[in-house]
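Student: I'd like a close look at one part of this model, please. Walk me through it slowly.

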Amino acid sequence: MDARTPRNFAIDCLRGVAILLVVVHHLALPFRLPLAPSLLGAWVPRRLTDAVSFNGYEAVFMFFVISGFLITTRLLERHGDLRRVDLRGFYLARVRRIAPLLLVVLTVLTLLAALGVPDFAPSSRQSLGGLLGSALTFTFNWYEGRTGWAPAAWDVLWSLSIEEVFYVGFPLLCLALPRPLLVVALAVLALSLLPLRSLVPVSNEVWWEKAYLPGMSAIAWGVLAALAARRWKPGARDARALALFGGFCVLLVIGWGDLVHRHLFKSGMYGLCLGTCAMLIAFRAQAAPPRAGLNWLARMGRLSYELYLSHMVIVLGTVALYRALLGPSQAWTFVVYVPAVIASIGLAVALERLMARLGAFAASAKRTTLLRRSSRPSPGETTDIAPDH
């Protein structure tokens with residue numbers, strides 16, 4: 001958020017829900033530690049375990065919407081109008097936010113891949129240079145679509161590629177298009193989410209899931225929601241109703257996605273984006289005070305970037321440890337979920353602190369360099385200081 005604006009607790013919680021669904025999904029995949037076959041599965045309705053376990057992809061699309069909303073809101077707060085966006089400042093801010101942690105994570109992934117660690121090392125159709133180069137150029141989806149599924153630890157980079165490619169072009173469109181045309185272009189992109197997905201051949205499973213344009217459509221939903229929130233601030237009663245409507249839409253897709261797909265014209269992703277937008281507008285208009293019982297969830301939301309890039313290390317380590325101790329038995333898989341989430345948060349906190357220290361060190365080095373430059377005498381000057389009298 002902008003430095004002038006306090007964090008929004010409810011939006012942080014919404015991001016926390018999304019990243020929690022992602023972490024749990026990567027643990028609960030059938031070839032890892034699924035919940036349904038465990039002892040817990042006998043006591044919990046299957047629809048609930050499926051809702052918790054298999055909505056990681058939908059959670060990423062929630063992230064796309066939230067990202068578009070927050071970044072557009074920040075631009076409007078800073079510049080007052082998208083037509084006055086500062087290109088240099090925008091791109092520098094993206095680099096400062098994305099690059100340091102990404103480089104640290106890629107360094108770790110590269111070292112583990114070079115050592116041949118399973119789920120880190122590339123497949124026979126891939127190369128370490130290809131994985132690393134595509135990650136750094138945000139062409140990871142193209143590379144994965146051509147070569148097959150990336151190693152599990154690298155695979156999360158697909159959504160970052162979509163976001164950063166979108167944000168390369170978005171400020172240029174803001175400057176090039178008049179506001180009405182910009183809104184029309186964003187609306188067309190947002191409403192094209194399902195048609196764009198249908199253009200991707202289902203036979204290419206990787207590309208069908210990770211194509212760029214459907215993800216960009218979700219980001220466009222968030223941008224439009226931010227523009228709407230700029231003009232419309234519902235009162236407390238309307239905001240509460242809007243938040244409830246949004247929550248209903250998201251829960252309907254997460255809990256009963258099969259029924260939505262079957263009976264509501266395959267409109268699940270539209271419902272997900274619409275519901276997320278409704279909650280964002282409501283939370284922005286009527287900021288909720290922090291609640292002690294949800295501080296952990298809001299903390300996960302604030303750490304969502306760190307969690308997203310690093311959680312697979314914990315997930316893969318948890319799976320390896322479980323199988324080393326219990327073998328193929330899936331009876332006790334439910335036991336690992338809370339410790340794995342806590343460990344993921346711990347790793348994310350450590351990375352956040354590391355980035356803060358590296359940032360402070362870089363800022364200190366920059367100040368030292370500037371001071372040295374300013375203290376150098378210009379030609380003809382002397383460093384001796386003459387006495388006043």
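By class, how many nonpolar, polar and charged residues are in the lining of the largest cavity?

Tutor: First, a heads-up: this is a predicted model, where local features need pLDDT of at least 70, side-chain atom pairs count only at pLDDT 80 or more, and totals for chains, interfaces and linings use all residues. Numbering starts from 1 along each chain as its sequence is written, and side-chain values use heavy atoms, with hydrogens and water left out.

Now your count: the lining has six nonpolar residues, one polar and no charged ones. Searching the whole structure turns up one cavity of 30 Å³ or more (points on a 1 Å grid where a 1.4 Å probe fits but cannot get out; the volume is the space filled by probe spheres set on the points). The largest cavity comes to about 30 Å³. Its lining (an atom within 4 Å of a point) is made of Leu102, Ala135, Phe138, Phe140, Leu157, Leu160 and Ser161. Helix H8, residues 157-176, gives the most to that lining, with three residues (helices are DSSP runs of H or I, at least four residues).

While you're there, look at another helix pair. The axes of H12 (residues 212-231) and H14 (residues 268-285) come within 9 Å and cross at roughly 30 degrees, so H12 and H14 are roughly parallel (under 35 degrees). On the H12 side, the contact (heavy atoms within 4.5 Å) includes Trp221 and Gly222, while H14 brings residues including Tyr270 and Arg284. By class, that contact has 10 nonpolar residues, one polar and one charged.

Definitions and conventions:
Axes fitted to C-alpha atoms, helices over the stretch in contact; angles between N-to-C directions. Helix = DSSP H or I, 4+ residues; strand = E, 2+ residues; numbered from the N terminus. Parallel < 35°, antiparallel > 145°, perpendicular 65-115°, else oblique. Nonpolar A, V, L, I, M, F, W, Y, C, P; charged D, E, K, R; others polar. 1 Å grid on protein atoms, 1.4 Å probe; cavity = no way out; pocket = protein on both sides within 12 Å on 5 of 7 lines; lining within 4 Å.
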